[in-house]
Amino acid sequence: MSEHDGIDDKDDSAETLFERIIAREVPADIVYETDTTIAFRDISPQAATHVLVVPKTRYRDVAELAAADPRLLADVVTTAARVAELEGLGGGYRVVFNTGADAGQTVFHVHVHLLGGEQLGSFGR
Ligand code: AMP
């Protein structure tokens with residue numbers, strides 16, 4: 001495994017669900033795609049609009065992504081903004097990177113949750 005794979009030796013290297021969605025091995029409701037990112041609807045939406053934006057190269061979380069490939073992080077955010085536009089979220093939206101188990105991260109392939117389409121509540125506990 002090369003250092004460019006985004007996963008180092010101490011991380012579990014088992015394929016994640018999101019890699020299977022990127023490879024079209026698992027179906028998903030894909031709303032937008034670029035060379036470096038993919039966006040699909042969350043299977044358990046927490047807002048009227050809830051889309052996940054995932055870089056096609058796997059990093060564990062947003063901090064690892066930012067350190068390794070800031071351009072790719074910018075691609076993820078730019079894709080989220082583009083999807084917000086396509087979904088008509090002109091009134092505002094929220095982007096959330098759950099990072100680590102205490103934040104509720106369950107898929108350890110970095111992704112941003114794009115939430116909107118209604119007045120959102122407060123967040124945190
Ligand atoms: P996180 O908890 O931040 O790691 O986010 C993982 C997200 O993936 C959750 O919001 C899940 O609802 C979502 N999810 C799990 N399985 C699927 C799937 N097959 N297709 C789309 N979203 C999924």
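Colleague: Which residues surround the ligand?

Modeller: In this predicted model, local features need pLDDT of at least 70, side-chain atom pairs count only at pLDDT 80 or more, and totals for chains, interfaces and linings use all residues. Residues are numbered from 1 along each chain as its sequence is written. A residue is near a molecule if its C-beta atom, placed from the backbone, lies within 6 Å of it. Here 13 residues surround the ligand, and the closest are Ile43, Ser44, Asn98, Thr106 and Val107.

Colleague: What order do the five strands of the sheet have?

Modeller: Strands of a sheet pair through backbone hydrogen bonds, either parallel or antiparallel. Strands are DSSP runs of E, at least two residues, numbered from the N terminus, and two of them pair if DSSP finds at least two bridges between them. This open sheet runs β1-β2-β3-β5-β4 with antiparallel pairing. β1 (30-33) and β4 (93-96) are at the edges with a single partner strand each, so one side of each is left without a neighbour in the sheet.

Colleague: How many bridges link β3 and β5?

Modeller: Strand β3 (residues 49-55) and strand β5 (residues 112-116) pair over five bridges, in the antiparallel sense; within this pairing Val51 stands opposite Leu114 of β5. β1 and β2 are antiparallel over three bridges, with Ala39 in β2 as the bridge partner of Tyr32, and a hairpin of three residues joins β1 to β2.

Colleague: Is β2 mostly covered or exposed?

Modeller: A residue is buried if 20 or more other C-beta atoms lie within 10 Å of its own, exposed if 12 or fewer, and partly exposed in between, with C-beta atoms placed from the backbone. In β2, four of the five residues are buried, and the strand is mostly covered.
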